[in-house]
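I opened this entry to keep track of what I looked up, one spot at a time. The structure comes first, my notes follow.

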Amino acid sequence: MLSKNIEAALNQQIRIEAESSQVYLAMAVWAEVKGLEGIASFMYDQSDEERVHMLKLVKFVNERGGHAHISELNAPNVTFNSFKEMFEKLLEHEIYVSNSINELVHTSLQEKDYATHNFLQWYVAEQIEEEAMARTILDKVNMIGDDKGGLYLFDRDIQQLTVESAADVPDA
């Protein structure tokens with residue numbers, strides 16, 4: 001059974017994950033309108049992934065005797081000055097989500113809710129990957145600079161971008 005404090009914190013995370021889905025959907029739309037089909041497709045996939053993260057939390061709250069709340073969402077930013085700015089915002093957002101997950105983990109430990117703590121470990125690992133992906137993308141975007149040819153290639157290749165996180169590296 002979830003404590004009221006943990007339930008409220010998880011419901012706040014549900015909202016954050018839902019807002020993340022909307023943030024990435026807005027980025028996808030912006031990129032698509034700019035003719036950046038690869039980036040748009042990547043961001044549509046990210047939006048879908050964030051919705052899955054939200055649904056996992058919804059199911060967990062309900063399965064633990066709580067009541068998941070679906071609340072209103074803050075409207076995302078829908079315009080960007082450049083694709084570089086868009087990816088900078090993506091990294092900022094992922095860091096924000098990581099901090100929120102870390103607070104949830106801290107709360108679960110304070111309340112000795114080890115089931116929630118265990119459940120949240122998936123999110124901790126996921127955020128390590130999300131931040132690494134955002135940093136890798138931003139590194140590539142910074143390499144491109146204002147080179148239109150580089151942007152064309154990046155837009156084409158972003159679908160194949162994968163990042164191996166430290167969690168994926170086999171033990172030595």
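I started with K112. Its relative accessible area is 61%, so I put K112 down as exposed, since the cut-off for that is over 50%. I bear in mind that this is a predicted model.

Next I checked where K112 sits. I found K112 in the loop between α3 (83-110) and α4 (114-144). I then looked up the backbone. Phi of K112 is near 55 degrees, a positive value, and the residue is not a glycine.

I moved on to helix α1. It covers residues 4-33, which is 30 residues. From first C-alpha to last I noted 44 Å, close to the 44 Å expected at 1.5 Å a residue. Just after α1 I came to G35, with a positive phi of about 85 degrees.

I stayed with α1 for V33, which is found in that helix. V33 has 69% relative accessibility, so I count it as exposed. L25, V29 and V33 make a nonpolar surface patch of about 250 Å².

My last stop was F42. I located F42 in helix α2, residues 37-63. Is F42 buried or exposed? F42 is buried, because its relative accessibility is 7% and the cut-off is under 20%.

I then asked which residues F42 touches, leaving aside those up to four places away in sequence. I listed M133, I137, I158 and Q159. I also checked F42 against L161, 119 residues apart along the chain. Their C-alpha atoms are separated by 9.5 Å.

Conventions: Residues are numbered from 1 along each chain as its sequence is written. This is a predicted model: local features need pLDDT of at least 70, side-chain atom pairs count only at pLDDT 80 or more; totals for chains, interfaces and linings use all residues. Side-chain values use heavy atoms; hydrogens and water are left out. Helices (H or I, at least four residues) and strands (E, at least two) are DSSP runs, numbered from the N terminus. Buried means under 20% relative accessible area, exposed over 50%, partly exposed in between (1.4 Å probe, protein chains only). Contact means heavy atoms within 4.5 Å. The expected span of a helix is 1.5 Å times one less than its number of residues. Patches are made of residues with over 30% relative accessible area and no salt bridge: like charges are joined within 9 Å, nonpolar side chains (Val, Leu, Ile, Met, Phe, Trp, Tyr) within 5 Å. Accessible areas come from the Shrake-Rupley method with a 1.4 Å probe; for residues, only the protein chains shown count as cover. A salt bridge is a side-chain nitrogen of Lys or Arg within 4 Å of a carboxyl oxygen of Asp or Glu.
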